[in-house]
Amino acid sequence: MLDFTEYGLTREELASYITNVQVEANNFIVNFGDDVSIKVVGQSPTWDNVNTGEG
């Protein structure tokens, strides 16, 4: 689960910073530009696994 609630962003605002998403088997990698990426292991690449300021 990714938790972005402390940043106060909506899903749409968070999505605007995503530059690429890669799916590798049961893992996914979310890129925010060239310098920042988050690899989530063992979870589906859906918004169900992301908490934002809107819930």
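This is a predicted model: local features need pLDDT of at least 70, side-chain atom pairs count only at pLDDT 80 or more; totals for chains, interfaces and linings use all residues.
Numbering starts from 1 along each chain as its sequence is written, and side-chain values use heavy atoms, with hydrogens and water left out.

Let's start with the fold. The chain has 1 helix and 5 strands, running β-α-β-β-β-β from the N terminus; helices (H or I, at least four residues) and strands (E, at least two) are DSSP runs, numbered from the N terminus. The radius of gyration is 11 Å, close to the 10 Å of the globule rule for 55 residues, so the chain is as compact as a globular protein of that length. That radius is taken over C-alpha atoms, and the rule is 2.2 Å times the number of residues to the power 0.38. Along the principal axes, the C-alpha trace spans about 30 × 25 × 15 Å.

Now, the largest pocket. Its volume is about 180 Å³, meaning the space filled by probe spheres set on grid points joined across faces, edges and corners. Strand β3 (residues 27-32) gives the largest share of the lining, 3 residues. Among the lining residues are Phe-4, Phe-32, Trp-47 and Val-50.

Phe-4 brings us to the rings. What do Phe-4, Tyr-7 and Phe-32 form? They form one aromatic cluster. There are 2 aromatic pairs, counted when ring centres of Phe, Tyr and Trp (its six-membered ring) lie within 6.5 Å, with planes under 30 degrees apart called stacked, over 60 edge-to-face and the rest tilted. Phe-4 and Tyr-7 make a tilted pair, 6.3 Å centre to centre with 45° between the planes.

Is Phe-4 buried or exposed? Phe-4 counts as buried because its relative accessibility is 13%, whereas Tyr-7, at 53%, counts as exposed. Here buried means under 20% relative accessible area, exposed over 50% and partly exposed in between (1.4 Å probe, protein chains only).

Last stop: Asp-34, in the loop between β3 and β4 (36-40), is exposed at 82%. Its C-alpha atom is separated by 21 Å from that of Val-50, 16 residues apart along the chain. Thanks, everyone!

Key: On a 1 Å grid over the protein atoms alone, a cavity is a set of points where a 1.4 Å probe fits but cannot get out, and a pocket is an open set with protein on both sides within 12 Å along at least five of seven lines; lining residues have an atom within 4 Å of a point.
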